[in-house]
Every structure is written in C-alpha cells, then in structure tokens.
Amino acid sequence: MNMKNNIYENLLDTWLRTTFVICNRRIVKELSFNEAVVCRLLNEAKQNNVNMTATDLCNKTKILKSLMNLTLNNLEKKEMIRRVRSKKDKRQYYLVLNEEHIDVYKREHKRIIGLIKEATKELNDTEIQTIIDVLGKITDSMEDYYGN
C-alpha cells in the first residue's frame with residue numbers, strides 16, 4: 001500500500017473510531033438526537049430573529065419530511081415547541097420554542113458543551129479552530145459530492 005492510500009486508511013480508522021464513540025454513547029439523554037438538533041436550530045433562529053418552517057428544518061438537516069413531522073409532533077407533545085400561523089400566508093406555520101418548557105434542551109445543550117470541553121481539554125484554541133476548519137471543509141466536500 002502506498003503512502004497516500006495509508007493516510008486515507010488512517011483517516012477512515014480515526015473517523016470510524018470517533019463515530020463509534022459518539023454513536024455508542026448516547027450524547028443526548030433526555031431528547032432524541034433529532035429533537036435536540038431541531039431545538040438547537042430553532043434556538044439559533046430565535047436569536048437571529050428568523051422564522052423557521054418544517055420545510056426549512058428539513059432542508060437544513062436533510063431529515064426526511066415524515067421523520068421531521070414525527071420529531072415535531074413529539075416536541076409539541078412535550079410542549080417544547082409550538083406552531084404559529086404565518087400572518088402573510090395562512091397555509092404556513094412557523095415553529096418556535098416554548099420558553100416555559102425548554103429547560104430540557106438547555107440542560108442537554110449545557111451538558112454537551114461540557115463533553116466537548118472535556119474532549120478538547122488538551123487542545124489550545126488554535127488547534128480547536130483548526131479542527132473546526134478541517135471538519136467544515138470535509139463536510140462541504142461531502143455535501144458537494146452528494147449534491148446537498
């Protein structure tokens with residue numbers, strides 16, 4: 001095996017090892033992974049004063065519409081989100097976090113940030129930024145490859 005192939009084998013091994021660690025230990029405890037992602041995106045939208053629809057969430061996450069609807073229904077049952085009808089288009093609903101019941105998400109988010117800090121405690125800010133940049137480039141390439 002030449003050196004170039006070896007580096008890709010090593011990258012694959014590292015990628016799989018990282019994936020197994022993440023997947024085999026449920027990172028999110030009180031919500032499903034999809035519920036936590038939706039809450040994060042809705043929280044981000046709120047901070048940026050942007051309205052989000054179910055279609056917007058599907059486009060951002062690549063979650064199938066049927067699974068997104070299930071996720072949204074579950075979050076609605078937990079009273080963590082609510083649907084607000086658009087004033088411009090009565091057929092459209094925006095999704096918003098219900099601040100009175102979002103404490104579960106806030107706890108999960110805080111715990112995950114703690115896990116990330118623990119995982120990167122041996123790294124300095126420059127090394128962490130390098131990881132962010134490299135993972136961003138890899139993700140961009142994968143999205144280009146798959147046409148996302």
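Residues are classed here as buried under 20% relative accessible area, exposed over 50% and partly exposed in between, with a 1.4 Å probe and protein chains only. By this criterion, buried residues make up 22% of the 148 residues in the protein. The structure is a predicted model, in which local features need pLDDT of at least 70 and side-chain atom pairs count only at pLDDT 80 or more, while totals for chains, interfaces and linings use all residues. Numbering starts from 1 along each chain as its sequence is written, and side-chain values use heavy atoms, with hydrogens and water left out.

The secondary structure comprises 6 helices and 2 strands, where helices (H or I, at least four residues) and strands (E, at least two) are DSSP runs numbered from the N terminus. From the N terminus on, these elements follow the order α-α-α-α-β-β-α-α. The radius of gyration is 18 Å, well over the 15 Å that the globule rule gives for 148 residues, so the protein is more spread out than a compact globule. This radius is taken over C-alpha atoms, and the globule rule is 2.2 Å times the number of residues to the power 0.38. Along the principal axes, the C-alpha atoms fill a box of roughly 60 × 35 × 30 Å. Contacts are defined by heavy atoms within 4.5 Å; among those between residues at least 6 apart in sequence, 52% join residues at least 24 apart. The accessible surface, from the Shrake-Rupley method with a 1.4 Å probe and, for residues, only the protein chains shown as cover, comes to about 11500 Å², of which 55% belongs to carbon and sulfur atoms.

Pockets were examined next. On a 1 Å grid over the protein atoms alone, a cavity is a set of points where a 1.4 Å probe fits but cannot get out, whereas a pocket is an open set with protein on both sides within 12 Å along at least five of seven lines; lining residues have an atom within 4 Å of a point. Grid points are joined across faces, edges and corners, and a volume is the space filled by probe spheres set on the points. The largest pocket has a volume of about 2700 Å³. It is lined by 46 residues, of which T18, I22, I27, I116 and L135 are the closest to its centre. Two or more lining residues come from each of helix 1 (3-24), helix 2 (33-47), helix 3 (54-61), helix 5 (103-119) and helix 6 (125-146). Helix 6 gives the largest share of this lining, 11 residues. The lining of the largest pocket divides into 26 nonpolar, 10 polar and 10 charged residues, with Ala, Val, Leu, Ile, Met, Phe, Trp, Tyr, Cys and Pro taken as nonpolar, Asp, Glu, Lys and Arg as charged, and the others, Gly among them, as polar.

The second largest pocket has a volume of about 200 Å³. Of its 14 lining residues, L42, K46, L95, V96 and L97 are the closest to the centre. Helix 2 and strand 2 (93-97) each give two or more residues to this lining, and the largest share, 4 residues, comes from strand 2.

The loop between helix 2 and helix 3 holds T53, which counts as buried at 7% relative accessibility. Beyond residues up to four places away in sequence, T53 touches Q92, Y93, Y94 and L95. V50 is placed in the loop between helix 2 and helix 3 and is partly exposed, with a relative accessible area of 44%.
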